[in-house]
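I opened this entry to record what I looked up in the structure.

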Amino acid sequence: DTAGLRRQARIAKDDALEGMSVAASIAAIKRAQVVASVVDATQPLTHQDLNIAKLAASEGKPVALIVNKWDLIPQAQRAPLRAHIRERADTLLPALRSLPIICISALAATDNPDDRGLSSIIRSAIQLRQKATAEPTSTRRLTLWLKDFVARVPPPSPRGRGGRVVLGMMVQTAVAPPTFLIFGTWQSPSEAWERALRRQLRAALHLGGVPIRIRYKGSSRAAQKSLKSS
């Protein structure tokens, strides 16, 4: 619950109890398998909310966004507000793009039949955990996907070096978080190209709300041949 986490600079130096509480909350994020980030529907996605979600993503934790106090939002404003939260979350939290958004009220039952409070949160957490720990995607499928992506979105050549960038096979090396290794002649992609790569790979593997990690390694001849012959 981000309401219990303030920036360290705002915690009084003599407030040892609050300092310990913040430290415990951060430790809980690091231990968690899935993080349910609770935000206020009347002030959704504040700077602090974003910081907590980014911390969870940096730790490789899947995140569900729980929008509390939904009962305070007039019925006519709920759909536009939910769309606004979705747009802000996808824009400001690209590492968690398409994360689940669950609107609840801790005091009153929600009018939205798709959001059933605690049961929705638990169901979403289970689904996120299953995505994060799913059996690794086959190397053949990933390599074919990479070949198609590179054809649609060619990687820019390294500045000042010239020549064509060759990317070979893609391998999933770990789960929780899903981690991918790309073999190629280029080990330092541009930020824009890698953002596109992450966004489309996450969509292709249905990993909304699950952070992914991508690493690069100088290719062997076999890796390059793998891409050319697929």
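**Surface and overall make-up**

I first looked up the accessible surface of the chain, which comes to about 12,900 Å², with 53% of this area belonging to carbon and sulfur atoms. I note that the model is predicted.

I then checked burial: of the chain's 230 residues, 41% count as buried, where buried stands for under 20% relative accessible area.

I turned next to the contacts between residues at least 6 apart in sequence. Of these, 70% join residues at least 24 apart.

For secondary structure, I recorded seven helices and six strands in the chain. Along the sequence, I read the pattern as α-β-α-β-α-β-α-α-β-β-α-β-α.

**The sheet E4-E5-E6**

I asked in what order the three strands form their sheet, and how they pair. The sheet is open, its order is E4-E5-E6, and the pairing is mixed. Strand E4 (167-174) and strand E6 (213-218) are at the edges; each has a single partner strand, so one side of each lacks a neighbour in the sheet. I noted that neighbouring strands here are turned by 25° against each other on average, direction ignored.

Among the residues involved, I noted Val 171, whose bridge partner in E5 is Leu 181.

**The helix across the sheet**

Which helix lies across E4, E5 and E6? I found helix H6 (residues 191-204) there, running at about 120° to E6.

Key. Residues numbered from 1 in each chain as written. Predicted model: local features only at pLDDT ≥ 70, side-chain atom pairs only at ≥ 80, totals over all residues. Heavy atoms only, no water. Pairing = 2+ DSSP bridges. Helix = DSSP H or I, 4+ residues; strand = E, 2+ residues; numbered from the N terminus. Axes fitted to C-alpha atoms, helices over the stretch in contact; angles between N-to-C directions. Contact = heavy atoms within 4.5 Å. Buried < 20%, exposed > 50% of the residue type's maximum accessible area, 1.4 Å probe, protein only. Areas by Shrake-Rupley, 256 points an atom, 1.4 Å probe, with all protein chains shown as cover.
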